Amino acid sequence: MRILKPNIIFGDSNLNFFQSLLKIFNIKINYIKIEKFKDNEYKIQFLKKFNEKIIFILQSLSNPIHDNLINLFLIIDSLKKICIKKIYLIIPYFCYSRQDKIFNENSSISIKLISNLLDFFNINKIVTLEPHSSNFECCFNTPLKILKSTSLFVNDIVKNNTKIDIIISPDIGGVMRAKNLANYLNLELVIIDKRRPISNYIKIFCVIGNVELKQCVIVDDIIDTGNSIIEVTNFLFFNKIKNVIIYVTHSVFSEKSFIKIYNSKINKLIITDTINFQYDNNKIKIITTKYLFIEEIKKIMLEKYEI
C-alpha cells in the first residue's frame, strides 16, 4: 500500500498553525501567492502545476472574516478553472456559526448564505471543528465532517493531573458538550441557567447543581468579548466555588478582550490554536488541534489513494 503526499495549499489566516501542520507531511512550500492591492482587493496565483486532481485547502475563517472568506472563494474558483475535480476544505474555525437561525422577522440566516455560496463550487467535503450548535449541520448540503475538541481537553486534564470535582456548562445550549466531557472523566455535571436578551449581554438566573467549595472546569465552544464567561465566573465565586478552569475551543477575543481574562477571577483559560493568538500570559494556555485535522486528511487520503 502506498499513500501519496497530499496536495495542500492554505490561505493567509493563521499561518503559524498551517505551517506546523504541513511540516507533518513534509510540505515546505505553500504553492499559492495571495496578493493584496491598496484598495484591499485580492489576486490569487498558483506557483506550480497541480498534477493530481485532489486538493486540500486550509483556511480559518477568523478575523478579518470577510477578507478570509473572499480569499477562500477566490482560491476555490481558481482551482475549479484548472479542472481540479475534488476539493476538500479544512476550516478550523468557521465564521457565522452562531448565526444559524432566524433571530427576528425577515432576518437572514448568515451561515446558510455562506453554505449556499460553497454549494455553488460543488465542494466534496468540509472539515471543521466544534461549530456553535447542531443547527450548523442542518444549514449545509455539502458533506461535513464535524470534529470535536473533547478528546483534546480530556488529554490535557489527565496529562496535567488537574484536580476537578465538577464539569460546568455555562448555558443550556452547551449541555451536551459539557456532558460529553463529564462522561469521559466520570464527573458530576452542573448547569448554569443563563439567558442572552441582547447581543453581548447575559442574565444569570440560577445554577443547577452544587458548586460550593468545588474545583470546576467550564467548557465552551467560543470566547468572544469575554463578558459572558467572566460573569459566569463571578457568579460561581459568589456561590463559593473554590477554583475555575475554563476550556474553550475557539478564542475569537474581539477587541483584545483577552485582557479582561488577565484581570478576572478565572484561574486558568485553556484555548486551542484554531485562531491565531500570540500574547504570552501564564493565565492563558494554548493546546494544538493540528493532529485532529492531520488524522482527517489521512483518512481522506486512504479513501482516495489506497493502492
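Buried means under 20% relative accessible area, exposed over 50%, partly exposed in between, with a 1.4 Å probe and protein chains only. Just after H1, Asn26 has a positive phi of about 60°.

A word on the source. This is a predicted model, where local features need pLDDT of at least 70, side-chain atom pairs need 80 or more, and totals for chains, interfaces and linings use all residues. Residues are numbered from 1 along each chain, and side-chain values use heavy atoms, without hydrogens or water.

Now the cysteines. How many disulfides are there? The count is 0, taking a disulfide as a pair of cysteine sulfur atoms within 2.5 Å. For Cys138, the nearest cysteine sulfur is that of Cys139, 6.7 Å away. Cys138 is exposed, at 65% relative accessible area. For Cys206, the nearest is that of Cys216, at 16 Å. Cys206 is partly exposed, at 30%.

Last, helices H5 (residues 150-159) and H6 (residues 175-185). They pack at about 40°, axes 10 Å apart. Axes are lines fitted to C-alpha atoms over the stretch in contact, and angles run from 0 to 180 degrees between N-to-C directions. H5 and H6 are therefore oblique: under 35 degrees is roughly parallel, over 145 roughly antiparallel, 65 to 115 roughly perpendicular, the rest oblique. Contact means heavy atoms within 4.5 Å. The contact residues include Phe153 and Ile157 of H5, and Leu181 and Tyr184 of H6.

Note on methods:
Helices (H or I, at least four residues) and strands (E, at least two) are DSSP runs, numbered from the N terminus.
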